[in-house]
Amino acid sequence: MAKIKVDLHSIYNNSKAIDQALLQAFEEAIEKRITEVEIIPGKGSGLLKKKVQRFLQMPHIKPLY
């Protein structure tokens with residue numbers, strides 16, 4: 001089974017780029033009918049992970065998964 005990987009290490013300090021990368025991954029998954037998107041926030045203080053969690057809770061994103 002295919003899955004899409006989104007590695008956020010290289011854009012960890014660019015909030016707009018993070019949102020764009022995540023949205024593109026979801027759009028690609030929907031287009032290609034892929035049911036799994038792996039998001040790699042990396043290690044650290046957990047701020048990036050929290051940013052991803054906030055993104056996933058946005059009202060227009062939540063219905064996508």
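Which residues does Leu22 touch, not counting residues up to four places away in sequence? They are Val6, Leu8, Ile39, Val52 and Phe55. Contact here means heavy atoms within 4.5 Å.

This is a predicted model, in which local features need pLDDT of at least 70, side-chain atom pairs count only at pLDDT 80 or more, and totals for chains, interfaces and linings use all residues. Residues are numbered from 1 along each chain as its sequence is written, and side-chain values use heavy atoms, leaving out hydrogens and water.

Start with the core. The largest nonpolar core has 14 residues. Such a core is a set of buried Ala, Val, Leu, Ile, Met, Phe, Trp, Tyr and Cys residues joined through side-chain atoms within 4.5 Å. Buried means under 20% relative accessible area, exposed means over 50%, and partly exposed lies in between (1.4 Å probe, protein chains only). Ile4, Val6, Leu8, Leu22 and Phe55 touch the most other members. Strand S1 (4-7), helix H1 (15-32) and helix H2 (47-56) each give two or more residues to this core. H1 gives the most, with five residues. Helices (H or I, at least four residues) and strands (E, at least two) are DSSP runs, numbered from the N terminus.

Now turn to H2. Its buried residues are Leu48, Lys51, Val52, Phe55 and Leu56. Seen down the axis of H2, they fall within an arc of 135°, so they line one face of the helix. The arc is that of the directions from the helix axis to the C-beta atoms. An α-helix has 3.6 residues a turn, so residues three or four places apart point the same way. The buried residues of H2 pack against H1 and strand S2 (37-40). On the other side of H2, Leu47 and Arg54 are exposed.

Next comes Leu23, in helix H1. Leu23 is partly exposed, with a relative accessible area of 26%. Leu23 touches Phe55 and Ile61, not counting residues up to four places away in sequence. Leu23 and Phe55 are 32 residues apart along the chain, and their C-alpha atoms are separated by 9.2 Å.

Follow the chain to Arg33. Arg33 lies in the loop between H1 and S2. Arg33 has a positive phi of about 60°, although it is not a glycine. Most residues other than glycine have a negative phi. Arg33 is exposed, with a relative accessible area of 75%.
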